[in-house]
Amino acid sequence: EYHTRITEYFQSFGFYKTDINITEKDDYIDVNINKNEVIKVTSIKIEPAKELRRGILFKEGSAFNTASFTATKKGLERYLLEEGYPKYAFDAKAYVDIDAYEVKLEFHVDKNDSYNLGETTIVGREDVDEEIIREQIAYKKGDKYNIADLEKTYDQLYELGVYDYIL
């Protein structure tokens, strides 16, 4: 059990050939770890949206780790949501080859259609002047869909303190 947990932990940082020796004593456990060499990224393939390459946190020859891979995926998805593509299709794979001791990364992105924002409808504002509410909206009709503007609007409306929930 200890060995499996420690092995998985070091693999998450790119150390797939870690030597782990665990000796259980009466009142303690002796753990000896030799990380050895980190696994490296040997290729990065992104299709078809080459402009997304700048959002990838790896370069060929860099060490691979799962935290950076996850951050790369989240960053690319966020970029698409901020650039007008709320209905994107995205797939990312890290192919870890232990025998060759390399990682090949593949990203496939279908942006699908770009969207613009439409008219905003305000309902349930009986106690609040519509102009006060409209001042909190961080976008206008026709703006490119941008999740950051929608989040800012939500936060500003919620901060008014007059709504229990906002849809």
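Tutor: Let's start with a definition: two strands pair if DSSP finds at least two bridges between them. Strands (E, at least two residues) and helices (H or I, at least four) are DSSP runs, numbered from the N terminus. The model you see is predicted, so its local features need pLDDT of at least 70 and side-chain atom pairs count only at pLDDT 80 or more, while totals for chains, interfaces and linings use all residues. Residues are numbered from 1 along each chain as its sequence is written, and side-chain values use heavy atoms, with hydrogens and water left out.

Student: How many residues lie between β4 and β5 in their hairpin?

Tutor: Four residues separate the two strands of this hairpin, and Tyr101 in the turn has a positive phi of about 50 degrees. Strand β4 covers residues 89-97 and strand β5 residues 102-110; they run antiparallel, joined by nine bridges.

Student: Now the helices. What span should the 17 residues of α2 have?

Tutor: The rule for the expected span is 1.5 Å times one less than the number of residues. For α2 that gives 24 Å, and its end C-alpha atoms are 24 Å apart, which agrees. Helix α4 (residues 147-159) has 13 residues and should span 18 Å, which is also the distance between its end C-alpha atoms.

Student: Which residues of α2 are buried?

Tutor: Buried means under 20% relative accessible area, exposed over 50%, and partly exposed in between (1.4 Å probe, protein chains only). In α2 the buried residues are Phe69, Thr72, Leu76 and Leu80. They cover an arc of only 65 degrees around the axis, which puts them on the same side of α2; the arc is that of the directions from the helix axis to the C-beta atoms. The buried side of α2 packs against β4 and β5, while the face turned away from it carries the exposed residues Ala67 and Lys74.

Student: What does Thr72 touch, beyond its neighbours within four places in sequence?

Tutor: Contact means heavy atoms within 4.5 Å. By that rule Thr72 is in contact with Gly55, Ile56, Leu57, Phe58 and Phe107. Thr72 lies in helix α2 (residues 66-82) and counts as buried at 0% relative accessibility.

Student: Which residue caps the N-terminal end of α2?

Tutor: A polar contact is a pair of N or O atoms within 3.5 Å; within protein, one must be able to donate a hydrogen and the other to accept it, and residues adjacent in sequence count only if both atoms are side-chain atoms. Asn65 is the cap of α2, with a side-chain oxygen 3.2 Å from the backbone nitrogen of Ala67. For α4 the cap is Asn146, whose side-chain oxygen lies 2.8 Å from the backbone nitrogen of Ala148.

Student: How many aromatic pairs are there?

Tutor: A pair of aromatic rings is described by the distance of the centres and the angle of the planes. Rings of Phe, Tyr and Trp (its six-membered ring) pair if their centres lie within 6.5 Å; planes under 30 degrees apart count as stacked, over 60 as edge-to-face and the rest as tilted. By this rule the count is six. The rings of Phe58 and Phe64 have centres 5.6 Å apart and planes at 20 degrees, so the pair is stacked. Tyr154 and Tyr158 are also a stacked pair, 6.1 Å centre to centre with 5 degrees between the planes. These two tyrosines are four residues apart in helix α4, about one helical turn. Finally, ring pairs link Phe58, Phe64, Phe69 and Phe107 into a cluster.
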